[in-house]
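Welcome! Please take a look at the structure below, and then we will walk through some of its side chains together.

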Amino acid sequence: MEGLLTLLRGVPHHASKLRKVYLPISLLAEHKVSTESIIRQSFEAEHMNGLSESIAASADEHLTNCRFRSKYLTKEERQVLLPAVCADRYMARLHRAQCDIFNAQLQSRDAWLPAILYWNKIKSTY
């Protein structure tokens, strides 16, 4: 889950600075997006948003599955899964940005994240 979202979060930086795209070729082909169009930012928005939506949906599926199994974990084991809170927050922001990974709001820092992480640590949730 975190790996999938990290791929999405890194696309704008990798495309603009490193001129590389680390998204799976099969997904790019399925959504009719080329690596060159991502690097040049000349892609069709609905195709790119569909691609990012499909990756985010897969990550959300993993998170839902993980939360379903949380009843079998001890308090200490649940704390290991606190980074899932960060992933969940990013997915919410991505949803608000309509799956546009190049949206400037997604590149800004989440100021509430430390407080939310602390709260989830106290509650032993993720």
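Let us start with the cysteines: the structure holds zero disulfides, a disulfide being a pair of cysteine sulfur atoms within 2.5 Å. C86 is in no disulfide, and the nearest cysteine sulfur to it, that of C66, is 14 Å away. C99 is in no disulfide either, with the sulfur of C86, its nearest, 19 Å away. Is C99 buried or exposed? With a relative accessibility of 12%, C99 counts as buried, while C86 is partly exposed at 28% relative accessible area. Here buried means under 20% relative accessible area, exposed over 50%, and partly exposed in between (1.4 Å probe, protein chains only).

A word on the background: this is a predicted model, where local features need pLDDT of at least 70, side-chain atom pairs count only at pLDDT 80 or more, and totals for chains, interfaces and linings use all residues. Residues are numbered from 1 along each chain as its sequence is written, and side-chain values use heavy atoms, leaving out hydrogens and water.

Finally, find W119 in helix α7, which covers residues 113–123; helices are DSSP runs (H or I, at least four residues), numbered from the N terminus.

Terms used. Helices (H or I, at least four residues) and strands (E, at least two) are DSSP runs, numbered from the N terminus.
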